[in-house]
Amino acid sequence: MEKKAGKKADEANGAVDAPAVGPGGLQALLTAPALRRRRRALRFLALCVIVLVPWTVYLALSLPDRFQARYWPAAWVGFDVLLLLSLLCAGLAVWLHRQILIPCAVVAATLLVCDAWFDVSLAWGTPDIWESVASAVLIELPLAGLLLVRAHRLLRATVRLAWQRLGLPGEPPPVHRLPLFGTPASGGTEENTPGPPG
């Protein structure tokens, strides 16, 4: 009777049982709100992709070859300030030995790639093109690659440590195949997702 009552209470609270994982009998505890948030996120991202495709085609067909910007210095100075702040945050995270280095490094690497893209594309056909290409090839893109490699290594180390502490056998899968913790994998199953002890 107590088990049935407890099961009914769990169902009323939105908890969903998941299969045990690993030798320690670990269970992935999935809640109805978490599943709803996942579905909303998928719908939102799908909508963004659907809207962005025709918008990109429209821009490709409608944008002029030349455009006179009113706040050109503010645009570039603002972008460089964001890049500076992202690199500063990544540096502080390294100095303080904090996990926040991973997102900071990804943000900084993304901004560096954007910087290289805009430098080269906006200088195309002008005498400044070779300077922009040299800056992209020798500075911005290598630094972005270094930050991404470092972030990936730290993420792998974090996942491996969590995997070991959960008592799961073997090595964790690659990051691109690792399911999100606490959410169902593709197909709605949670066979390989570690979770809190049951």
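Helix α5 has a kink of about 45°, centred on Ala136. The bend at a residue is the angle between axes fitted to the seven residues ending there and the seven starting there. Helices (H or I, at least four residues) and strands (E, at least two) are DSSP runs, numbered from the N terminus. The structure is a predicted model, in which local features need pLDDT of at least 70 and side-chain atom pairs count only at pLDDT 80 or more, while totals for chains, interfaces and linings use all residues. Residues are numbered from 1 along each chain as its sequence is written, and side-chain values use heavy atoms, with hydrogens and water left out.

**The chain as a whole**

- The protein chain contains five helices and four strands, and from the N terminus on its elements follow the order α-β-β-β-β-α-α-α-α.
- Of the 198 residues in the protein chain, 23% are buried; buried means under 20% relative accessible area, exposed over 50%, and partly exposed in between, with a 1.4 Å probe and protein chains only.
- Among contacts (heavy atoms within 4.5 Å) with a separation of 6 or more, 54% join residues 24 or more positions apart.
- The protein chain exposes about 14700 Å², and carbon and sulfur atoms supply 68% of this area. Accessible areas come from the Shrake-Rupley method with a 1.4 Å probe; for residues, only the protein chains shown count as cover.

**Helix α5**

- The expected span of a helix is 1.5 Å times one less than its number of residues.
- The buried residues of α5 are Ile129, Ser132, Ala136, Glu140, Ala144, Leu147, Ala151, Arg156, Val159 and Trp163.
- An α-helix has 3.6 residues a turn, so residues three or four places apart point the same way.
- The cover over the buried residues of α5 includes α3 (72-96) and α4 (101-123).
- Just after α5, Gly167 takes a positive phi of about 75°.

**Helix α4**

- The 23 residues of α4 should span 33 Å at 1.5 Å a residue, and the end C-alpha atoms of α4 agree with this, being 32 Å apart.
- Buried residues of α4 include Leu101, Ile102, Cys104, Leu111 and Asp115, and the buried residues of this helix pack against α3 and α5.
- Cys114 also lies in α4 and counts as partly exposed because its relative accessibility is 29%.
- Cys114 and Glu140 are 26 residues apart in sequence and 9.3 Å apart in space, C-alpha to C-alpha.
- Gly125, which follows α4, has a positive phi near 80°.

**Surface patch**

- Val77, Val81, Leu82, Leu85, Leu88, Leu92, Trp95 and Leu96 form a nonpolar surface patch with about 800 Å² of accessible area together.
- Patches are made of residues with over 30% relative accessible area and no salt bridge; like charges are joined within 9 Å, and nonpolar side chains (Val, Leu, Ile, Met, Phe, Trp, Tyr) within 5 Å.
- Leu92 has its place in helix α3 and, at 39% relative accessibility, counts as partly exposed.

**Salt bridge**

- A salt bridge is a side-chain nitrogen of Lys or Arg within 4 Å of a carboxyl oxygen of Asp or Glu; the count by this rule is one.
- The side chains of Arg160 and Glu171 meet in a salt bridge at 3.0 Å, N to O. Arg160 lies in helix α5 and Glu171 in the segment after α5, so the pair ties together parts that are eleven residues apart in sequence.
- Arg160 is partly exposed at 29% relative accessibility, whereas Glu171 is exposed, with a relative accessible area of 53%.
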